[in-house]
Amino acid sequence: MAVKPGDIYEDVFFHPCLCLGVDEIGVAWGISLIDGSYPRETDLYMSGIRLLTIEQAWEWKTKGPERIAAEYRAEHPEAQ
């Protein structure tokens, strides 16, 4: 998947993130639109990253990562 600076992607912790860069080995890094944490790094080859629309990012922000994970029947990593 082609992720580039300026894109909004979902990291493995279900945070919508603004991509600030992609390094030469395929790791996207950016800032969380949930809590401002930085850097939020995601391996593009190992994680099943997906791009989000601005509307989806706002939904993720208002619902929270745990609820989004539950809706997708996924285990939220921070809850372990």
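Predicted model: local features only at pLDDT ≥ 70, side-chain atom pairs only at ≥ 80, totals over all residues.
Residues are numbered from 1 along each chain as its sequence is written, and side-chain values use heavy atoms, with hydrogens and water left out.

**Fold and dimensions**

- The protein chain has 2 helices and 5 strands, running β-β-β-β-β-α-α from the N terminus on, where helices (H or I, at least four residues) and strands (E, at least two) are DSSP runs.
- The radius of gyration of the protein chain is 12 Å, which agrees with the value near 12 Å for a compact globule with 80 residues, by a rule of 2.2 Å times the number of residues to the power 0.38, over C-alpha atoms.
- Along the principal axes, the C-alpha atoms of the protein chain fill a box of roughly 35 × 25 × 20 Å.

**Burial and Met-46**

- Of the 80 residues of the protein chain, 38% count as buried, meaning under 20% relative accessible area, while exposed means over 50% and partly exposed lies in between (1.4 Å probe, protein chains only).
- Met-46, found in the loop between β4 (40-43) and β5 (50-51), counts as exposed because its relative accessibility is 72%.
- Met-46 and Glu-10 are 36 residues apart in sequence and, C-alpha to C-alpha, 14 Å apart in space.
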